[in-house]
Amino acid sequence: MTTQTPIVLLHGWGFLPGIWSAVIEQLRQRDVTAPIETPALPLNGNISQLTAIESLFETSPDTAHLVGWSLGGELALAYALCFPERVSSLTLISSTPCFMNRPDWALGQPATLLDDFDQRLAENPAALLKRFSSLIRLGDNTAVRNRTLTDALQHQSEPDAERLTAGLKFLRTIDLRGACGSPTELPPVTLIHGSADNVVPLAAAHWLASALNASLMTIEDASHALPLTHAAQIADRLVSTL
């Protein structure tokens with residue numbers, strides 16, 4: 001492919017940018033020669049959502065195909081809503097406008113899950129990440145039993161407790177539903193979601209598809225861990241948007 005517009009891949013909570021390695025390999029096998037950037041999410045200290053988006057603005061190319069997985073998808077959507085002119089296309093993988101349930105939103109996770117994560121992070125971060133690596137594979141029996149995948153997730157786990165804490169705060173507080181109400185200026189949006197996702201329900205992706213007038217690619221019997229378990233399908237869809 002001849003397009004040289006950079007591709008920016010934003011990873012999810014609990015993991016390092018290297019979580020994208022399988023997707024990048026699949027893109028290169030499809031003759032994608034454009035620069036591919038995998039920045040670490042801006043999760044330093046007590047950072048605010050606004051400051052995180054400003055940080056992405058300062059470090060991102062002037063225009064890019066923006067791809068986000070999980071929390072990276074939430075930040076990618078927030079960035080695109082703020083700076084649509086800098087986004088050639090937006091692809092959200094296993095993502096949601098609002099991770100935590102609220103009185104008017106039942107398509108997320110209960111606050112008790114994040115309370116439990118906060119406590120486990122304080123007591124034993126490694127054990128928390130091991131639990132999370134299992135949680136993101138639930139629903140995909142092949143992924144649950146895949147030892148190579150287990151090793152890859154462990155190798156790409158985020159070791160910095162401060163960054164993990166900042167990410168949990170974002171998962172608790174980000175709510176983009178109101179901003180999704182008038183997405184007339186957004187670039188083309190593609191959603192990719194596993195039908196068996198136990199972290200972000202598929203219903204949240206259907207909500208986003210309707211709110212953003214986006215196309216939704218559902219991968220049957222797939223979990224939340226799509227960049228690792230379905231890299232080829234992700235690459236095929238990305239190539240079609242470049």
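In the predicted model, Val8 has Glu37 of strand β2 as its bridge partner. This pair belongs to the contact between β2 and strand β1, the latter spanning residues 7–10, where two bridges join the strands and the two run parallel. The arrangement extends into an open sheet of six strands, which follow one another in the order β2-β1-β3-β4-β5-β6 with parallel pairing. Because β2 (36–37) and β6 (215–219) stand at the edges and each has a single partner strand, one side of each is left without a neighbour in the sheet.

Attention then turns to the open space in the model. The largest pocket has a volume of about 210 Å³, and the elements that give two or more residues to its lining are α5 (125–135) and α7 (147–155). Of the elements involved, α5 gives the most to this lining, with five residues. The residues that line the largest pocket include Ala126, Leu129, Lys130, Ser133 and Ser134, together with Arg137, Arg147, Thr150, Leu153, Gln154 and Ser157.

Methods: Residues numbered from 1 in each chain as written. Predicted model: local features only at pLDDT ≥ 70, side-chain atom pairs only at ≥ 80, totals over all residues. Heavy atoms only, no water. 1 Å grid on protein atoms, 1.4 Å probe; cavity = no way out; pocket = protein on both sides within 12 Å on 5 of 7 lines; lining within 4 Å. Points joined across faces, edges and corners; volume = space filled by probe spheres on them. Helix = DSSP H or I, 4+ residues; strand = E, 2+ residues; numbered from the N terminus. Pairing = 2+ DSSP bridges.
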